[in-house]
Amino acid sequence: MEKLDLVAETIAPPSELNEAPVGEVLAKVRLDGDGTLTQQVYRALRSLIVNLHLMPNQFLPEKDVAVSLGVSKTPVREAFIRLAEENLVDIVPKIGTYVSPIDLKRAFKGYFIRTSLESACAEHLARNGGPDAIAALRDELAEQERCVEQGDNDAFYILDNEFHAVMFLVADLPNAKRLVDSAKAEVDRIKGLKSIYRFCRPEGTLLEEHRDIVEAIERRDPDRARNEIHRHLSGMNDAIQAILQEEKLYGMFNRINQGARVAR
């Protein structure tokens, strides 16, 4: 089985949205030491962007990012290229790099890809998953239960991402997981908005849905496993539609997306 880079987002969303200087945001970040410097910088910046610590249209000075993370400009430049491939940053020649605005159309496409592949993964596990796969998923549930009991919402947010990553890991579907990671970047930013503005479901509800997914897999019921994934992930589509249809939410979304492109 190929080891997966889980890419579970390691930084929960902030409690409120205010654009902080890049140096101030990055001062709290420590590279994880796993892989090349480019991979580490990429993971750190991606997590900050999808969780809205770095805001849409925020300028990312290459030199400032390098100094703050204690690396040369080369891994920063290479990380920017990877982030641009996911539409998370815009690289403007001779000007610099900015965090990309959130794109609802891309978010819906990411939701569609994630739901399609993850439901197929759950169905595959229900048909073929062995005792070790079930045990790994049960271990994830136990960690989530502790977070709910302790009221640790930030830790639960991280474990929620990890649960879905572990499904692909135990199914031995690394290519599908990488495709989901690439496609769902915009979805993750909508998830960050949901958390900040509290139009998301309680952690206890999400935990119960995770239990239902694992139960369907354990009982060898592929149809139910697929349907439980669709039910669980439908909240993301609901959030996208709510932003589009509710004037107050759409106005909030536009204000977030309209950061001034001024080089700092």
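This note sets out points on helix packing, helix geometry and salt bridges in a predicted model.

1. Basis. The model is predicted: local features need pLDDT of at least 70, side-chain atom pairs count only at pLDDT 80 or more, and totals for chains, interfaces and linings use all residues. Residues are numbered from 1 along each chain as its sequence is written, and side-chain values use heavy atoms, with hydrogens and water left out.

2. Packing of H3 and H4. Helices here are DSSP runs (H or I, at least four residues), numbered from the N terminus. The axes of H3 (residues 62–69) and H4 (residues 73–85) come within 9 Å and cross at roughly 115°; axes are lines fitted to C-alpha atoms over the stretch in contact, with angles from 0 to 180 degrees between N-to-C directions. On the H3 side, Glu62, Lys63, Val65 and Ala66 meet Lys73, Val76, Arg77 and Phe80 of H4 (contact means heavy atoms within 4.5 Å).

3. Geometry of H11. Helix H11 (residues 222–245) has 24 residues and should span 34 Å at 1.5 Å a residue, which agrees with its end C-alpha atoms being 34 Å apart; the expected span is 1.5 Å times one less than the number of residues.

4. Salt bridges. The whole structure holds 23 salt bridges (a side-chain nitrogen of Lys or Arg within 4 Å of a carboxyl oxygen of Asp or Glu). Arg46 forms one with Asp188, the closest N and O atoms being 3.6 Å apart. This pair links distant parts of the chain, Arg46 in helix H2 (residues 37–50) and Asp188 in helix H9 (residues 185–197), 142 residues apart.

Terms used. Helices (H or I, at least four residues) and strands (E, at least two) are DSSP runs, numbered from the N terminus.
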